[in-house]
Amino acid sequence: MNTTRALVPVAWGMLWIARAPLEHEMALHMAVQLPLLIGVGYMLATFLRPYEPRWFAESDWLGIPGLLLVVFATSFWMLPRMLDLALSEPWIDSAKFASLPLLAGLPLGSSWPRMPGLGRAFLWANFIPKLGAIGGLYLAAPTRLCAYYRLDQQAAAGIALIAVAIVLGTCWSVIVFVGSPPFWSRAGIRRQRARHEILEAGE
Amino acid sequence: MTGIEAVGSRSRINATAAVRAYLATCGIVLLLMMLLGLTMRLAQAQWIDVEPNLFYVVMTMHGAGMVGIAGLGGAAVMWHFVRRYVPVSTAIFVANLVFFLIGAALILGAGFIGGFAGAWTFLYPLPGHSGGLWSANGAAAYMAGLLVIGVGFLLLHLDIARGIISIYGGLGAGLGVKQAFGFAPEKDGPPPAVAAATMAAISNVIGIVVGAVVLILSLVNLYAPSFTFNTLAAKNLIYYFGHTFINVTIYMAVIAVYEILPVYTHRAWKTNRVFYLAWVLSTLMVLTVYPHHLLMDFAMPTSILVAGQIISWLSGLPVLLVTAFGALTNVYRSGLKWDAAAGLVFMGVAGWAIGIIPAVADGTIPVNSVMHNTQWVPGHFHTYLLLGMMAMMLGFMTYLAGPKSPSHLAPAGVWLYLIGGTTFVLAFLAAGSASVPRRYAVHLPAWLAYDRAGSIGASLAVAGALILIVRFLVSLRSPIDATP
């Protein structure tokens with residue numbers, strides 16, 4: 001457990017060290033560095049959850065305040081102007097390294113389990129197509145959106161975002177279609193029969 | 001109380017009251033939208049005078065309103081019956097109605113205050129190029145209204161999908177994939193209502209999120225015209241959303257056939273491998289058939305258009321065949337005592353089946369290039385929406401009203417609706433075959449005979465719907481427990 005905990009500062013530190021190569025390409029900056037920074041915060045949340053004050057958990061009703069914070073924080077760092085500033089101003093880059101784990105990853109990790117399944121599905125259903133749409137816009141935009149990235153780097157970022165959207169969409173569709181355990185497996189059939197029996201018993 | 005109701009009854013809102021609220025909303029809005037449609041036909045017939053600018057506002061509101069109310073009515077039918085088999089949230093069901101009413105208010109404001117007249121399909125870049133007829137705010141209110149309505153439907157379908165997954169393990173099992181491909185006994189398959197609701201959830205979730213993407217892009221374009229995107233891609237996205245949404249209304253409403261007819265015939269609706277296979281195939285085809293709306297777009301890749309033509313020939317057939325055949329065998333020699341509800345539901349299957357024929361004709365590329373901009377198209381979609389989908393919804397409404405409501409008027413309502421509706425759609429189809437264009441506010445003298453026949457038919461259909469809807473509204477005075 002302690003080794004796993006140590007992963008958080010190590011990962012944070014490694015991302016800081018690797019920031020130059022990751023920020024060199026727009027695709028790596030958007031599709032690798034930003035999600036990994038959020039991932040660091042998410043890991044942190046799993047360790048901090050047992051120490052979470054009760055009032056804090058109760059005030060985060062259904063995880064909505066926390067996830068709203070996630071949406072605002074991630075939207076802020078998706079703005080092309082902020083990507084530019086992160087490249088040109090070291091203190092803005094530092095703010096990104098602090099805010100994405102603490103204002104996006106950490107609330108995501110703590111609020112996501114509190115959100116009902118329907119809310120999670122709603123967020124996935126909105127996030128995946130919008131990611132694809134943003135990728136499409138980067139790909140199709142005739143002008144540069146960031147001053148520090150070339151047009152071809154912008155197109156590569158668009159392709160990367162579309163690819164991520166396709167992978168996420170495919171995984172999500174397969175999971176909800178097949179179920180867990182898969183509906184064709186013996187375990188899946190047993191589960192279905194068990195549910196039928198519960199329902200029939202209730203009638 | 002069934003096990004499902006025990007699971008799903010945490011909400012304090014009464015489920016039957018919620019269904020009644022849906023149907024009351026559907027009934028009132030349906031009548032208003034029918035009156036808007038009648039106004040257009042009377043104006044084309046030159047029996048009343050409507051300014052062309054106002055005509056296109058009315059056309060936009062009629063289109064958007066009818067699509068919305070078909071969705072809402074289909075959702076009411078689906079939710080009422082599917083909650084017998086899976087746990088669903090009444091609060092989410094009511095939230096969808098609230099979202100719908102907010103969205104409808106925005107859309108009506110966009111049309112009648114903001115003057116938006118860009119047709120219900122809001123084809124990019126038309127909303128931003130009004131020629132001074134409407135403002136950016138008017139177009140934005142229309143699109144924001146669609147977005148709000150979409151949020152409600154997305155939540156509803158996701159909630160039903162969640163319920164299906166909680167009972168069946170996955171949407172594949174809810175659709176009956178195992179039974180369709182022989183992996184499991186037919187007797188263990190989901191009830192027809194669950195298979196249909198699964199199909200609706202899969203199709204509409206994908207369709208709605210695609211629609212949301214193009215709506216947001218169009219909204220950005222309205223206020224930042226320098227931001228543009230590919231018009232053909234936008235048209236593809238719009239029709240992916242639009243076709244899927246309106247098509248799914250029928251698949252939701254058909255649950256009324258599966259659930260109501262057996263009550264009258266005292267025979268369970270039999271499901272088998274072919275039934276489940278039909279639903280699986282129709283799900284795949286509903287998700288891929290939309291290119292038949294783009295057969296006139298020369299820039300579309302030919303392969304996609306050919307695929308669109310072939311799939312549009314096949315798309316509706318599997319479920320239609322098993323439903324029509326199932327309805328006939330369910331009714332045949334059952335000793336069924338016909339009344340308004342059974343008649344309307346049965347009429348719905350017939351209207352749907354007949355409406356497919358002109359649709360298949362229009363889905364053929366050489367025919368489409370001649371017929372698509374004629375009244376043939378409103379002819380075909382009114383056939384399976386007015387005489388198919390809406391007949392099923394009115395049948396459900398009449399069924400819920402029960403025998404306590406004044407019943408002697410109901411058969412008159414059914415006959416007026418049937419005769420008027422048939423006359424109305426035949427006038428459209430005949431006009432289309434004579435190359436009368438659609439979406440024209442002003443008609444030539446040679447076209448007036450079709451318009452006048454259509455106006456008479458529309459008047460009768462409105463009268464029939466009025467009787468059936470008022471009868472339902474009167475029934476709302478009876479206690480909720482009396483509802484079947």
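The following exercises, with worked solutions, concern a predicted model.

This is a predicted model, in which local features need pLDDT of at least 70 and side-chain atom pairs count only at pLDDT 80 or more, while totals for chains, interfaces and linings use all residues. Residues are numbered from 1 along each chain as its sequence is written, and chains are lettered from A and ligands numbered from 1 in the order in which they are written.

**Exercise 1.** Determine how many helices and strands chain B has, and what share of its residues is buried.

*Solution.* Helices (H or I, at least four residues) and strands (E, at least two) are DSSP runs, numbered from the N terminus. Chain B has 18 helices and zero strands. A residue is buried if 20 or more other C-beta atoms, placed from the backbone, lie within 10 Å of its own. Of the 484 residues in chain B, 58% are buried.

**Exercise 2.** Identify the domains of chain A and the number of residues in contact between them.

*Solution.* An automatic or database domain assignment supplies the bounds: domain 1 (1-115) and domain 2 (116-203). With contact taken as C-beta atoms, placed from the backbone, within 7 Å, 12 residues of domain 1 of chain A meet 16 residues of domain 2 of chain A.

Methods
Two residues are in contact if their C-beta atoms, placed from the backbone, lie within 7 Å. A residue is buried if 20 or more other C-beta atoms lie within 10 Å of its own, exposed if 12 or fewer, and partly exposed in between; C-beta atoms are placed from the backbone.
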